[in-house]
Amino acid sequence: MGQTLRLVDPPVLWVVVEAGKPTPEAAAALRRTAVMHRYVGCCEKLNASSSDADDLRPHQMNAALELVENHRLDGIVYFAHEEGVYSLDLFHRLRQIRRFGTWPVPVISENTKDGVVLEGPVCKQNQVVGWHTSEDSSKLRRFHVAMSGFAFNSTMLWDPKLRSHLAWNSIRHPDNVKEGFQGTTFVEQLVEDESQMEGVPADCSHIMNWHVPFGSENLAYPKGWRVGTNLDVIIPLK
């Protein structure tokens, strides 16, 4: 991730959250990237050394959100992770988001015929008009977004006027959500419906990042950064 962020035009602040106490070795490695960053720890009370990484991820994200909120860091919040492949265009587009932006994200998969599962918004210009998903189980979600398929203005964390109907509450990742519902559960705290979203870029026609899961075998490297044809609306807006 550090090698990618080195190529992004500043200003960029990389918030890195260690599951456990920060270590001198990791701090030194982060300094060598020459990327402006904040390095913090979390989850010590949860016995981070023996917990599954997926179980700790919501707590790590919440530690980052708390840092942004407490210090009133003004900018665009985006959750990047180690299983992502990112284009530089993504970080350019993030700067253009006014409030909440979303885009489709393909996932490399061994369980599908073409090896890719594509999920995210279907857009007309910058307006979200529906959702595309390749998995029947995901049709129960309110918003069909990947955790790496949206970004939002940080002021939404502390300004209730910019949030959805849950404005009274702190915006945080719940740690007891069913797998696959983390994205929609978080987004539902920020926006009420698709009218409060921006499709990024216009028509959501570009692939700006890929999700390449760890531990899979014989996976092909992502091919292409553009959607060849318009996505079908699988989940229409009500």
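Q: Which residues does phenylalanine 152 touch, not counting residues up to four places away in sequence?
A: Phenylalanine 152 touches Leu65, Gly75, Ile76, Val77, Phe79, Arg99, Phe100, Leu157, Phe186 and Leu190, where contact means heavy atoms within 4.5 Å. This is a predicted model, in which local features need pLDDT of at least 70 and side-chain atom pairs count only at pLDDT 80 or more, while totals for chains, interfaces and linings use all residues. Residues are numbered from 1 along each chain as its sequence is written, and side-chain values use heavy atoms, with hydrogens and water left out.

Q: Why is threonine 155 called buried?
A: Threonine 155 has a relative accessible area of 16%, and buried means under 20%, exposed over 50% and partly exposed in between (1.4 Å probe, protein chains only), so threonine 155 counts as buried.

Q: What makes glutamate 69 and arginine 172 a salt bridge?
A: Their side chains meet at 3.0 Å, N to O, and the definition asks for a side-chain nitrogen of Lys or Arg within 4 Å of a carboxyl oxygen of Asp or Glu, so the pair qualifies.

Q: Is glutamate 69 buried or exposed?
A: Glutamate 69 counts as buried because its relative accessibility is 13%, whereas arginine 172, at 21%, is partly exposed.

Q: Why is the pair of arginine 141 and glutamate 119 called a salt bridge?
A: The closest N and O atoms of arginine 141 and glutamate 119 are 2.8 Å apart, which is within the 4 Å limit. Both partners are buried, arginine 141 at 12% and glutamate 119 at 12%.
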